[in-house]
Amino acid sequence: MSLLSRLGDLVGDAFEQVGADRSFGTVEWSNRPDLGQFQCNGALAAAKSLGRNPREIAQQVVAALPAAGTFSEVSIAGPGFINLTLDDTYLAGVVQETADDDRLGYPTVSQPRKHIVDFGGPNVAKSMHVGHVRSTVIGDSLQRLLRFVGHPTESDIHLGDWGTPMGMLIIELHRRRPDLIYFDLDYTGPYPDESPVTLEDLEEMYPAAAARVAEDPAEAEKARQATQELQAGRPGYRALWQHFVDVSIAGLRENFDALGVHFDHWFGESTVHDRIEPMLRRIEASGVARRSDGALVIDVARPDDTMDVPPLLLVKSDGSYLYGTTDLATIEMRVEDQHAQDLLYVVDARQSLHFEQVFRAARLAGIAPDDVALEHVGFGTVNGPDGKPFKTRSGGLLRLRDLIQMVIEAAERRLEEAEIAQDYPEEERRRIARAVGVAALKFGDLSNHRMSNYIFDLDRFVSFEGKTGPYLQYSAVRIRSILRNAAEQGLHPGPIVPPTVDAERDLMLAATRLPEVLDRTVELRAPNHVAEYAYDVSTVFNRFYDRCHILREADPARQASWLALVGMTLDLLALLLDLLGIEVPERM
RNA sequence: GCCCCCGUAGCUCAGUGGACAGAGCAGGAGCCUUCUAAGCUCUUGGUCGGGGGUUCGAAUCCUCCCGGGGGCGCCA
């Protein structure tokens with residue numbers, strides 16, 4: 001049980017004794033640390049329902065609190081705020097429990113639910129750019145958080161690997177290389193293992209094809225035809241498509257590996273292709289869909305809507321499917337095969353209407369039962385220093401690969417300037433630079449609330465000073481260094497003794513905040529709360545580091561206690577950083 | 001036109017209906033014979049876009065304006 005809920009119980013008991021509901025005893029972290037470590041504002045709220053003076057209630061509640069043991073100081077301020085300060089011995093006991101717990105005081109959730117995190121994956125034939133940072137980093141943090149708090153979780157990159165774009169790539173390649181064996185209808189295989197195109201080829205081919213299709217109806221018809229034949233299973237087209245997918249995935253994997261992001265499933269729109277026909281038949285038979293201008297649509301508007309919610313298009317008038325169609329079939333798969341209870345879509349906030357339509361359709365068609373939660377976890381855009389979508393100097397989109405390279409190189413430069421790690425092996429220096437660069441990138445993103453559009457200023461990101469990923473790593477590494485030095489001197493952690501210095505007490509208090517921070521982060525799907533907390537812990541530790549010199553401490557009991565305290569702080573920081581997808585080097 | 005998101009210090013951003021609204025950067029002043037100075041200390045800087053309302057109490061909830069971004073049937 002968290003410290004906050006324990007205190008809430010104590011104060012709740014007191015409220016009950018005074019004749020008020022125990023829920024008024026809710027205790028929170030004080031926003032006036034000068035007056036107390038914790039506060040309870042319940043007396044003000046209780047005053048209304050009891051029809052009594054809030055200050056008077058507060059006084060009775062305080063009188064009903066246990067005489068000693070937990071609090072060293074209890075006071076009433078203003079109209080009825082109850083300020084609480086913990087007894088140092090009690091605090092040391094709580095911290096000892098936390099330090100002894102390998103989950104640092106966070107119990108697993110009482111009701112685990114099967115979660116699926118959908119990363120709204122990148123498309124085949126396109127390389128990842130700066131805009132993909134957000135879904136990758138936010139989605140990864142969410143899957144780590146969900147798992148840690150105890151929800152069984154599966155992640156799915158969910159590639160855009162099906163539909164008209166694939167047909168367009170095929171006709172584009174046919175136009176350029178009609179001689180390829182893949183286009184020969186008389187050929188029955190096998191097809192070459194080697195791809196006829198590189199990712200660079202695909203990236204260049206796709207916009208070219210899209211432009212021609214947009215201009216020329218005959219080209220559009222050819223693309224539609226090719227798409228249909230691909231989906232119907234024409235062997236040469238399937239073989240070709242597999243090459244497109246493989247080549248694209250290899251490129252994507254390079255980026256995800258560099259960022260340390262992993263998926264349980266590399267599914268895509270194509271994964272559910274075989275489910276679409278039966279699903280559509282069932283939907284049509286059930287009567288929730290209708291024909292409209294030659295298309296099959298499902299009306300999702302409701303009488304009480306204050307906005308226009310257009311019908312979800314399931315089948316276009318030319319007979320092909322849209323991404324809403326595969327999204328529906330994917331929900332079906334996740335519910336039926338993966339037994340998912342919570343579906344999270346980590347996708348650009350601009351797609352909110354699309355998800356509203358799909359979610360409503362899934363309910364209407366009986367694909368998602370009521371007890372399955374469907375949630376769009378949206379996020380804002382990444383802008384350049386001018387406030388507009390991030391572009392390179394030449395005006396193009398910055399590739400994710402290049403971006404990662406830039407932050408890593410900046411970290412290498414910083415290592416040189418600081419003249420630190422000079423004597424480390426070259427291989428380790430490179431590893432450190434990678435970890436530091438990636439941390440800067442991830443923390444820079446995750447410290448923003450996911451919904452806000454933020455400005456990506458490369459210079460600021462690689463400065464590595466102040467509120468940055470490297471600052472957090474540096475704090476953790478300092479602890480590692482202390483523990484190493486201590487071990488060399490034969491010093492070991494011991495029982496945690498009551499604090500005597502403010503910096504020490506503050507560090508202890510900070511360590512007990514984990515449960516509420518994680519609960520709130522998961523509830524809001526907002527990793528910036530973890531980022532903020534990690535920064536707080538680092539700041540408090542660095543103050544402690546400045547004031548309390550462990551290796552020079554004369555009192556052996558205190559020294560051992562401090563070693564235990566910073567050891568726990570390291571575990572906590574490492575956990576928080578891990579939840580953000582950031583690793584802590586052994587040294588830096 | 002309708003709907004969604006955003007508007008907080010010079011800049012970039014946090015902020016759980018509670019007390020005097022926070023941090024980083026930038027600006028100013030200090031701290032390395034001391035466990036890593038990617039650090040620490042002090043300091044300057046605010047009509048929380050504006051007006052109403054609900055509440056004992058509003059940056060936070062409701063409403064109306066203003067400004068910015070985005071979305072609105074056969075693209076994803």
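Predicted model: local features only at pLDDT ≥ 70, side-chain atom pairs only at ≥ 80, totals over all residues.
Me: Why is Leu104 called partly exposed?
Reply: A residue is buried if 20 or more other C-beta atoms, placed from the backbone, lie within 10 Å of its own, exposed if 12 or fewer do, and partly exposed in between. Leu104 has 19 other C-beta atoms within 10 Å, so Leu104 is classed as partly exposed. Leu104 belongs to the loop between helix H4 (88-100) and E5; helices (H or I, at least four residues) and strands (E, at least two) are DSSP runs, numbered from the N terminus.

Me: Is Arg525 buried or exposed, and how do you know?
Reply: Arg525 has 20 C-beta neighbours inside 10 Å, and therefore counts as buried. Arg525 sits in the loop between helix H18 (514-524) and helix H19 (528-547).

Me: Why does Gln242 count as partly exposed?
Reply: Gln242 has 13 C-beta neighbours inside 10 Å, so Gln242 counts as partly exposed. Gln242 is part of helix H9 (residues 235-259). From Gln242 to Asp161 the C-alpha distance is 9.7 Å, although the two are 81 residues apart in sequence.

Me: What makes strand E4 largely enclosed by the rest of the structure?
Reply: Strand E4 (residues 81-86) has six residues, five of them buried, and is therefore largely enclosed by the rest of the structure. For chain A, 44% of the 588 residues count as buried.

Me: How do you know that E3 and E4 pair?
Reply: Two strands pair if DSSP finds at least two bridges between them. Strand E3 (residues 71-77) and E4 are joined by six bridges and run antiparallel, with Ser75 opposite Asn83 in E4. E3 and E4 form a hairpin with three residues between them, and Gly78 in the turn has a positive phi of about 55 degrees. Strand E2 (residues 38-40) also pairs with E4, in the antiparallel sense over three bridges; there Cys40 has Ile82 as its bridge partner.

Me: Why is one side of strand E7 and of strand E9 left without a neighbour in the sheet?
Reply: Three strands make an open sheet in the order E7-E8-E9, with antiparallel pairing. Strand E7 (289-292) and strand E9 (312-315) each have a single partner strand at the edges, so one side of each lacks a neighbour in the sheet. The twist from one strand to the next averages 40 degrees, with axes taken as lines fitted to C-alpha atoms and angles running from 0 to 180 degrees between N-to-C directions. E7 and strand E8 (residues 295-298) are joined by four bridges, and Arg290 stands opposite Val297 in E8.

Me: Which strands are the edge strands of the open sheet of four strands?
Reply: That sheet has the order E6-E5-E10-E11 and parallel pairing. Its edge strands are strand E6 (153-156) and strand E11 (373-377), each of which pairs on one side only. The twist from one strand to the next averages 15 degrees. Four bridges connect strand E5 (residues 115-118) with E6, and Val117 stands opposite Ser155 in E6.

Me: How many residues surround RNA strand B, and what makes a residue count as near?
Reply: A residue is near if its C-beta atom, placed from the backbone, lies within 6 Å of the molecule or strand. For RNA strand B there are 82 such residues, the closest being Asp293, Met307, Lys316, Gly466 and Tyr474. Helix H16 (residues 469-488) supplies the largest share of this surface, eight residues.

Conventions: Residues numbered from 1 in each chain as written. Chains lettered and ligands numbered in written order.
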